[in-house]
Amino acid sequence: MQMIVTLVLVLMLAGAGVFAYARWIEPRRLAVTQETICSPRVTDASDGLKIVQFSDIHICDDDDSGKLMRIVSAINAQKPDIVVFTGDLFDNFPAYEGTIESIPAAFSQIKARYGKYAVLGNHDYEVSALPKVREIWSDSGFELLQDDRVNLTEQGLCIVGMDDWLFGSCETTCLDQADADAFTLLLCHEPDVADRLDKESFDLMLSGHTHGGQIKLPVLGIVYTPPLGRVYEEGRYELGGKRDAVLYVNRGTGQSLLPIRFMTVPEITVLTLKSQ
């Protein structure tokens, strides 16, 4: 009997420890993932260029006060040439009671030699959120791309930003009009959209949306991913095609639905371009 009681106590303590880690420790961690992207369309001017991606912040009242500045400091430490954000700024904007002004005050400190760019996610389309999200990115010095593109001619680089596929306009003409000879960087919140696009029209696609599952259990793996995030769940995927297109799905830096993460540490991604 004593052995059974001891075992129950050990299991209870272990469960409490796991919950404490998932609730208060892992969400405050931040991994920096390094990836190298090789392509014949990388010119001498863009060889070694660093793109830093962050995603899915899901700002909410539960966040600790230092969260945004930890992200900013981690991004600036990489000395990025380009910074991109791939959707979902707030978790539930109508319910948010925090100080809005602190957000652009933090993100305006992000430094990038060739610009800062953002696209929208499904949470950015919540009631009353969109006008404020647009204002925040503008005040932060980010260019918000909604089915639009930016040509960095000197670097031989084209950046295409798609609107959210669940609630946005979902026009693909911005990708069709990209320079065929330029290295094309595609930003799209939902990763499974990759299978609906012509893979000959981009070299690198960056997405978020899935949080890497947010909760991953031993043996069972990822518990849940949202619609348009169930084929490509996290990390790097080789899409193939003549361009040898690559998709990277960032785990994001925030939480949604539940304020916990387990075995899916928040991340920023550093993607370095290399010529072949």
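**Figure 1. Phe183 and the residues that it touches.** In this predicted model, Phe183 contacts Ile37, Ser39, Arg41, Val42, Gly156, Leu157, Cys158, Asp203, Leu204 and Leu273, leaving aside residues up to four places away in sequence; contact means heavy atoms within 4.5 Å. Phe183 belongs to strand 8, which covers residues 183-187. Helices (H or I, at least four residues) and strands (E, at least two) are DSSP runs numbered from the N terminus. Phe183 has a relative accessibility of 1% and therefore counts as buried. The term buried stands for under 20% relative accessible area, exposed for over 50%, and partly exposed for values in between, with a 1.4 Å probe and protein chains only. Residues are numbered from 1 along each chain as its sequence is written. Because the model is predicted, local features need pLDDT of at least 70 and side-chain atom pairs count only at pLDDT 80 or more, while totals for chains, interfaces and linings use all residues; side-chain values use heavy atoms, without hydrogens and water.

**Figure 2. Phe183 and Ser46.** How far apart are Phe183 and Ser46 in sequence and in space? They are separated by 137 residues in sequence, and their C-alpha atoms are 9.2 Å apart. Across the protein, 73% of the contacts with a separation of 6 or more join residues 24 or more positions apart.

Figure 3. A disulfide is a covalent bond between the sulfur atoms of two cysteines. Here the term is applied to a pair of cysteine sulfur atoms within 2.5 Å. A search of the whole structure finds zero disulfides. Cys158 counts as buried because its relative accessibility is 0%. Cys174, with a relative accessible area of 3%, is also buried.

**Figure 4. The setting of the close-up views.** The protein has five helices and 14 strands. Of its 276 residues, 54% count as buried. Its C-alpha atoms fill a box of roughly 75 × 40 × 35 Å along the principal axes. The radius of gyration is 19 Å, which agrees with the value near 19 Å for a compact globule of 276 residues; this radius is taken over C-alpha atoms, and the globule rule is 2.2 Å times the number of residues to the power 0.38.
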